[in-house]
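Here is a structure to read by asking what its labels rest on. Take a look at it, then follow the questions.

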Amino acid sequence: MKKGYFYIAVAVVMFTSFEVVLKFIAGQINPVQLTLCRFAIGFVFLLPVALHSLKKRGERLDGGTMAYFALLGLIGIALCMPILQMAVSYTNSSVAAVMFSCNPVFVTFLAFFMLGEPIKPRHYAALALEVVGTVIIISPWDVKLNMTGVALALLSTLLFSLYGVMGKRKVAKFGGAVVTCFSFLFGSLIVLAFILLSHIPSAAQAFQGAGLDSFANIPVFAGYTLQNLPYVLFVSVGVAGVGFLAYFLAMEYQPASVVSLVYFFKPALSPLLAWMVHGEEISANMLAGVALIVAGSLCSIIPGILESRREKA
């Protein structure tokens with residue numbers, strides 16, 4: 001039991017610090033290039049856990065399953081993560097972190113349409129609080145906030161929510177570690193293929209003509225320096241590797257509903273960490289929005305935990 005809470009604490013630290021640490025290297029390393037580095041290393045870290053899970057469950061991966069994992073990798077890794085990293089380049093890391101933390105509530109509603117899972121009154125209340133809190137943080141009436149960054153953060157959140165719902169279809173059979181590990185593998189391979197494609201002159205010119213210079217001639221190793229290497233290793237080994245590994249190890253000791261609280265700590269802790277590290281201002285609207293998002297999160301998760309306990313009693 002205590003080990004479960006320890007793993008949850010490790011995951012909270014890793015996931016909460018991601019956008020804040022990413023701010024140190026924003027603009028230094030191509031977002032697509034960094035995505036390849038992060039999730040290739042993450043795959044290596046998760047592979048032993050995934051193989052153990054497959055052996056324990058007596059399952060094997062067939063061609064259809066691998067194709068499904070490839071689709072997950074495309075959505076949750078190859079598309080979602082570079083977009084999130086670009087969002088951090090345009091807006092405060094705390095804003096990107098808070099908005100991305102809304103994905104559990106979005107997952108609830110996507111699961112209703114895609115998986116037929118019921119939506120309870122608490123989910124509607126949670127969504128309302130989350131949306132209002134997000135709008136207050138974004139403050140569309142505030143011209144100082146870069147709306148390009150906001151749009152990119154929202155798009156990455158939607159993609160990650162879709163990734164979670166689609167992944168859930170395979171979690172029951174293979175386990176979360178297997179689903180995440182092999183989506184990391186295929187996501188990395190797709191990103192690598194895209195990087196190679198970006199060096200074709202006609203493709204590079206097309207991206208540059210569309211104003212997407214960061215998607216043209218994407219490097220694989222360029223940009224890494226002794227100064228930014230610690231940050232690169234942290235977001236790769238720490239967040240993608242240790243963070244996800246701790247998240248799934250926690251699943252062995254605690255119910256999924258309890259472990260999922262990891263994402264609900266982010267909106268409360270990320271702005272504080274961004275203030276401590278980057279000196280980012282914690283405005284009144286940020287505090288109000290965080291309070292509403294946390295309230296919405298608790299409204300969604302706490303009743304579920306209580307229901308689970310009553311069923312076991």
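Predicted model: local features only at pLDDT ≥ 70, side-chain atom pairs only at ≥ 80, totals over all residues.

Q: Why is Thr-180 called buried?
A: Its relative accessible area is 7%. Buried means under 20%. The value of 7% falls under that cut-off, so Thr-180 counts as buried.

Q: Where is Thr-180 found, and which residues is Thr-180 in contact with, leaving aside neighbours within four places in sequence?
A: Thr-180 sits in helix α8, residues 176–197. Its contacts, with those neighbours left aside, are Leu-46, Tyr-163, Phe-244 and Phe-248.

Q: Why does Leu-272 count as partly exposed?
A: Leu-272 has 39% relative accessibility. Buried needs under 20%, and exposed needs over 50%. The value of 39% lies in between, so Leu-272 is partly exposed. Leu-272 belongs to helix α12.

Q: What makes up the nonpolar patch on the surface?
A: Phe-24, Leu-272, Trp-275, Met-276 and Val-277 form it. Together they have about 490 Å² of accessible area. Helix α12, residues 261–278, gives the largest share, 4 residues.

Q: How many residues does the largest nonpolar core have, and which have the most contacts inside it?
A: This core has 71 residues. Phe-15, Phe-69 and Phe-184 have the most contacts inside it. Helix α3, residues 63–90, supplies the largest share, 13 residues.

Q: Which residues does Phe-69 touch, not counting those up to four places away in sequence?
A: Phe-69 touches Leu-61, Lys-170, Phe-174, Val-178, Val-179, Phe-182, Ser-183 and Phe-186.

Note on methods:
Residues numbered from 1 in each chain as written. Heavy atoms only, no water. Core = buried A, V, L, I, M, F, W, Y, C linked by side-chain atoms within 4.5 Å. Buried < 20%, exposed > 50% of the residue type's maximum accessible area, 1.4 Å probe, protein only. Helix = DSSP H or I, 4+ residues; strand = E, 2+ residues; numbered from the N terminus. Contact = heavy atoms within 4.5 Å. Patch = residues over 30% accessible without salt bridge, like charges linked within 9 Å, V, L, I, M, F, W, Y side chains within 5 Å. Areas by Shrake-Rupley, 256 points an atom, 1.4 Å probe, with all protein chains shown as cover. Salt bridge = Lys/Arg side-chain N within 4 Å of Asp/Glu carboxyl O.
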